[in-house]
Amino acid sequence: MPGEQPRKSNASRIVMAGVVVAVVILGIVLYVMNRKSDPATAKVGDCVKVNSVSSDNADVVKVDCTDPNALYKVTAAGSTDVTCDPNESQYTQGPKKGTATTTLCLQPNVAAGDCFRLSTDPNTPDAKVDCATTKGDSSVYKILAFDHGTSDDSKCPGGTKQSLTFTTHPGVICAKANG
């Protein structure tokens with residue numbers, strides 16, 4: 001019959017709907033992943049990785065404490081009335097849209113047997129390093145113990161040459177040069 005119009009295919013509409021759904025799902029996944037690693041969501045006991053530092057900014061992300069790059073553990077977190085120990089590192093994130101300023105108090109995420117390099121450059125973060133390849137490096141310390149139950153460095157094991165005590169959030173790190 002000459003007057004009948006051919007039926008339009010719904011395939012293009014289905015493809016377009018699929019693309020829209022995929023974009024929405026991708027957006028949700030990216031939002032959740034970004035929120036999960038946002039240091040402002042860190043709580044006491046969480047760990048953070050420091051990607052870079054500068055005199056007025058740091059790139060810090062929340063990571064699992066078993067991550068080899070989990071450099072610090074959070075000892076206090078909040079938007080107000082957060083007091084860090086003088087020996088703790090402090091990270092403050094300015095307010096983002098809909099959030100308040102967040103302050104984190106941080107202690108090194110180390111255990112006996114780890115080696116830790118203290119940076120002398122304010123634009124280079126401290127780092128966990130391999131003990132074998134850094135033997136003799138004067139900026140590297142081998143951790144002998146980290147006692148979270150005391151601030152008393154007399155509790156350090158024999159061989160300790162340096163200790164770092166935390167009184168606000170108790171702990172003592174006992175170390176020696178990695179030499």
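Q: How many bridges join strand 8 to strand 10, and do they run parallel or antiparallel?
A: Six bridges join them. The two strands run antiparallel. Keep in mind that this is a predicted model.

Q: Which residue stands opposite Lys-142 there?
A: That is Lys-176, in strand 10.

Q: What about strand 9 and strand 10, how many bridges there?
A: Five bridges. Strand 9 and strand 10 also run antiparallel.

Q: Is strand 10 largely enclosed or open, and why?
A: It is largely enclosed by the rest of the structure, because five of its seven residues are buried. Strand 10 covers residues 171-177.

Q: Let's zoom out. How many helices and strands does the protein have?
A: One helix and 10 strands.

Q: What share of the residues is buried?
A: Of the 179 residues, 27% count as buried.

Q: What share of the contacts comes from residues 24 or more positions apart?
A: They account for 51% of the contacts with a separation of 6 or more.

Q: Back to the prediction. What is the mean pLDDT?
A: The mean is 79. A pLDDT of 70 or more is reached by 71% of the residues.

Q: Where is the pLDDT below 50?
A: Over residues 21-37. Beyond near neighbours in sequence, that stretch has five contacts in the model.

Q: How should predicted coordinates be read where pLDDT is low?
A: They should not be read in detail.

Q: New topic. How many disulfides are there?
A: The count comes to four.

Q: What is a disulfide, again?
A: It is a covalent bond between the sulfur atoms of two cysteines.

Q: How do the bonded cysteines pair up in sequence order?
A: The pairing is 1-2, 3-4, 5-6, 7-8.

Q: Take Cys-47. Which cysteine does a disulfide join it to?
A: Cys-65, with an S to S distance of 2.1 Å. The pair links distant parts of the chain, 18 residues apart. Cys-47 is in strand 1, while Cys-65 is in the loop between strand 2 and strand 3.

Q: Is that disulfide of Cys-47 and Cys-65 right-handed or left-handed, and why?
A: It is right-handed, because the torsion about the S-S bond is about 100°.

Q: Is Cys-47 buried or exposed?
A: Cys-47 is buried, because its relative accessibility is 0%. The cut-off for buried is under 20%. Cys-65 has a relative accessible area of 27%, so it counts as partly exposed.

Q: Next one. How far apart are the sulfur atoms of Cys-84 and Cys-105?
A: They are 1.9 Å apart, and the two cysteines form a disulfide. With -90° about the S-S bond, this link is left-handed.

Q: Which parts does the pair of Cys-84 and Cys-105 tie together?
A: Cys-84 lies in the loop between strand 3 and strand 4, and Cys-105 lies in strand 5, so the pair ties together parts 21 residues apart in sequence. Cys-84 is buried, with a relative accessible area of 15%. Cys-105 is buried too, at 0%.

Q: What about Cys-115 and Cys-131, right-handed or left-handed?
A: Right-handed, with 115° about the S-S bond. Their sulfur atoms are 2.1 Å apart. Cys-115 is buried, and so is Cys-131.

Q: Last stop, Thr-150. Where does it lie?
A: It lies in the loop between strand 8 and strand 9.

Q: Is Thr-150 buried or exposed?
A: Buried, because its relative accessibility is 15%.

Q: Which backbone nitrogen does the side chain of Thr-150 reach?
A: The one of Asp-152, at 3.0 Å.

Q: Which residues is Thr-150 in contact with, leaving aside neighbours within four places in sequence?
A: Lys-155, Pro-170, Gly-171 and Val-172.

Terms used. Residues numbered from 1 in each chain as written. Predicted model: local features only at pLDDT ≥ 70, side-chain atom pairs only at ≥ 80, totals over all residues. Heavy atoms only, no water. pLDDT = per-residue confidence, 0-100. Contact = heavy atoms within 4.5 Å. Helix = DSSP H or I, 4+ residues; strand = E, 2+ residues; numbered from the N terminus. Buried < 20%, exposed > 50% of the residue type's maximum accessible area, 1.4 Å probe, protein only. Polar contact = N/O pair within 3.5 Å; in protein donor to acceptor, adjacent residues only side chain to side chain. Disulfide = S-S within 2.5 Å. Pairing = 2+ DSSP bridges.
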